[in-house]
Each structure stands twice: as structure tokens, then as C-alpha cells.
Amino acid sequence: MQRSQRIMGLTGGGSDGWDVFLKARRMLAQGVAVTELTIGEHDIRTAAPILQNMHENALAGHTGYAAVPGTDGLRDTVAARVQARTGVPTTRDNVMITPGGQAALFAAHMATCDAGDRALYIDPYYATYPGTLRGAGAIPQAIHTHAEDAFQPRVDDIRAQAPGARSLLVNTPNNPTGVVYSDATLAGIADVCHDHDLWLISDEVYDTQIWEGRHLSPRALPGMADRTLVVGSMSKSHAMTGSRCGWIVGPEAVVGDLITLATHTTYGVPGFIQDASEFALQQGPAFETEIAAPFQRRRALAQTVLAAQNTVGLVPAQGAMYLMLDIRATGMTGEAFANDLLDTHHIAVMPGESFGASAAGHVRVAMTVEDNAFEHALRQLCAHADLRA
Ligand SMILES: Cc1ncc(COP(=O)(O)O)c(C=O)c1O
């Protein structure tokens with residue numbers, strides 16, 4: 001039977017860059033002690049009080065169909081949080097709860113792009129972006145950034161691609177580079193969106209992981225609330241990756257459309273998960289800082305380790321749980337280096353190429369193992385690069 005072009009073409013063909021990750025998983029399954037620095041998952045689990053709350057709400061009967069747009073309680077809590085953090089008036093009517101940020105990314109593009117529309121995104125990018133845009137029927141178009149700018153986007157490059165496009169997807173703090181867009185970059189992006197009538201889809205799932213500078217949500221810039229959809233999630237800020245709870249914040253009319261979409265696709269998020277997410281958000285910023293703290297600590301460790309050698313470059317990162325390392329001095333591709341490192345030292349990192357052509361010759365390191373093991377792995381990585389250079 002013939003399968004749809006839509007599903008067959010989703011990943012765009014070729015290697016999807018996850019070979020090293022899959023190889024590491026196979027080695028782990030065979031009992032090899034691999035230091036896993038590939039995916040963006042905390043080394044802690046969801047906090048016990050959140051799970052307790054989930055359990056109590058499930059036992060109390062919140063296990064039937066939940067309201068499709070999300071519970072009033074969680075929508076109100078997300079709206080209040082967004083308003084407090086950005087100053088933009090936000091009510092539950094601006095909020096749609098989704099099964100994680102990934103579903104929000106897909107829904108946001110479904111709501112803004114028609115089949116065949118050009119949807120812009122910034123390279124390097126979170127690995128699912130092009131497939132998500134294709135899944136929504138759009139034609140993904142990458143805008144390249146440069147290692148010498150620490151992957152801060154150039155507004156002129158975005159402007160050059162904007163004519164005729166429908167949307168622009170940005171992600172700050174950024175996966176995979178850790179770059180936090182400057183106020184000037186975001187102001188420039190807002191100008192381009194106004195000038196070319198673009199929707200801005202702002203993926204802010206790392207907004208609690210800022211090590212330097214500040215997080216500015218572009219929805220807060222003049223005139224942008226009408227054309228911005230913000231993607232948020234409990235995954236990274238509250239160590240709730242497996243709970244699959246996220247949201248879109250945007251104009252009321254779009255939220256109405258998203259509710260229609262959810263009615264015909266996901267039919268919402270389990271009520272007890274939403275209750276626990278509401279409880280987690282109510283723990284406030286101190287709890288979010290506690291969840292983010294290990295990554296900030298490990299970033300400082302990495303700065304010390306990398307400062308003591310000259311082969312591997314550390315791309316300056318102001319946020320998120322990753323580091324981009326420049327291994328071009330070895331003359332190897334990111335993919336070759338990552339494979340070599342895994343085979344030789346049983347350390348798994350992601351090839352930069354998995355996140356787009358702009359990150360060629362780099363590897364992404366997730367700061368997701370405990371401090372000593374992390375520091376040891378980084379020292380080994382640097383020594384290995386030195387040997388290969
Ligand atoms: C930039 C970015 N956006 C969105 C997501 C999706 O996260 P989730 O679906 O768990 O909320 C991730 C996950 O790693 C990510 O890195």
C-alpha cells in the first residue's frame with residue numbers, strides 16, 4: 001500500500017543525525033558504561049511533591065476527558081506567569097495547553113501556515129524543526145548563523161529571506177547553541193516581522209535557564225502580541241519531560257483556532273497532569289532556579305576545563321542546558337569526532353551537523369550528568385581532540 005508523501009517526506013530524507021545517539025543507546029543496552037551527553041533531559045527526575053499532587057488528583061477522579069483547551073486553573077496560572085514575566089496583558093483566552101512544546105510547535109505552524117507557504121527557521125536548530133514545519137504543510141527554509149557570531153542571528157540575513165514568507169520560528173535561549181538573543185537582535189526580528197507581515201513563533205521552552213543577560217520574550221515588543229505565538233513547556237523548567245505538558249500563548253482568535261485543531265487531533269492533555277503542572281508552576285521562581293542550577297554550575301566547570309587547553313573552542317553560551325564545542329581544529333566533522341569519541345572513550349555527544357549545516361565541525365554537549373562525571377568527560381573530550389588535531 002502506498003503511504004502518504006506527507007509522512008514519507010517528513011524528515012526530508014538523508015541521515016537524520018541521530019546515529020550516534022542510537023549507537024550510544026545500543027551500547028548502554030549491552031551493558032557498556034556510556035557517559036550520555038546527547039539529549040536534553042535532566043539527570044534528576046520530576047520532584048516527589050509534583051508526583052504526589054498528580055497521584056492525588058488522579059485518585060480524586062480527574063482521569064476523564066479534560067477540557068480540550070486546558071483546565072481553567074492551568075490556563076489562568078500560565079497566563080499569570082507570562083504576564084508577570086513579560087508585562088503583556090494575558091488571560092486564559094490567550095492560552096492553549098498542549099501535549100508538550102513539540103505539539104505546540106506543530107499546532108502553531110498549522111495555525112499560521114497554509115500548504116506551500118515558506119516557514120523560516122534559524123540554523124542551527126532543534127532537531128525536529130524542519131520536520132515539524134513540513135508536517136504542517138509548510139516549506140521549511142533555514143536562515144544560517146555563524147560560529148564567529150556565537151550563532152547570534154544576523155537580522156539582515158533574516159530580512160533577506162523574509163519577502164513572501166509566512167512565518168519565522170526563533171528559539172531563545174537556544175537549543176543547540178545556548179545563545180540568548182540580544183535585545184537588538186529581537187528588536188530587529190520584530191521590525192522584519194512588521195515589514196513583511198510575518199507570524200513570529202517564539203520557542204521559549206528554556207526561558208528559566210539564563211546564565212547571562214536576560215530573557216526577552218519578543219511578544220512583549222511593541223505591536224508584536226498580535227503576531228506572536230509563544231511556545232512554552234513544563235519539560236525543561238520543571239523537569240517534567242515525560243508529563244508532556246506545554247502551551248501556546250497568542251492572540252485570542254488563534255487560540256480559538258488551536259482549540260478546533262486540538263479537538264480534531266490530541267483532544268487535550270490529561271487532567272491530573274495539568275493539575276500537577278499547575279501545582280508545579282505555583283512553586284514559583286525559586287523552584288525553577290533550583291531545577292536550572294546544575295546546568296549553570298556545569299557551564300562554569302566547562303569554562304574552567306576549556307580555558308586550560310587550546311584545541312576545542314567553547315561557543316559562548318548565555319543559557320539552556322547545552323554547550324556547543326568547536327572541534328574544527330581536529331580537521332574532523334562533528335559526526336566523525338562524535339563517533340570516534342564514543343568508540344574510544346564511551347562518551348556520547350551530538351554531532352553539530354544534526355542541528356544544521358551552520359553547526360558543522362561542532363559537537364553539542366548536554367550538561368546532563370552529575371558534576372564530576374561531566375567534568376571528567378569534558379577533560380577526556382579535550383584530550384581526545386588534542387590527540388586528533
Ligand atoms: C528548543 C526546543 N523546543 C521544544 C522542545 C520540545 O520539548 P517538549 O515537547 O518536551 O516540551 C525541545 C525539547 O528538547 C527543545 O529543545
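Visitor: Which residues of H5 are buried?
Guide: The buried residues of H5 are Gly-100, Gly-101, Ala-104, Leu-105, Ala-107, Ala-108, His-109 and Thr-112. Buried means under 20% relative accessible area, with a 1.4 Å probe and protein chains only. Helices here are DSSP runs of H or I with at least four residues, and strands are runs of E with at least two, numbered from the N terminus.

Visitor: Where do these numbers come from?
Guide: This is a predicted model, in which local features need pLDDT of at least 70 and side-chain atom pairs count only at pLDDT 80 or more, while totals for chains, interfaces and linings use all residues. Residues are numbered from 1 along each chain as its sequence is written, and side-chain values use heavy atoms, with hydrogens and water left out.

Visitor: How many residues of the protein count as buried, as a percentage?
Guide: Of its 389 residues, 55%.

Visitor: And how many helices and strands are there?
Guide: The protein has 14 helices and 13 strands.

Visitor: Now H2 and H13. At what angle do their axes cross?
Guide: Roughly 10°, and the axes come within 10 Å. Axes are lines fitted to C-alpha atoms, for helices over the stretch in contact, with angles from 0 to 180 degrees between N-to-C directions.

Visitor: Which residues meet there?
Guide: Asp-19, Val-20, Lys-23, Ala-24 and Met-27 in H2 meet Glu-335, Ala-338, Asn-339, Leu-342 and Asp-343 in H13. Contact means heavy atoms within 4.5 Å.

Visitor: Last one: what does the C-alpha trace span?
Guide: About 55 × 55 × 50 Å along the principal axes of the protein.

How values were computed: Buried < 20%, exposed > 50% of the residue type's maximum accessible area, 1.4 Å probe, protein only.
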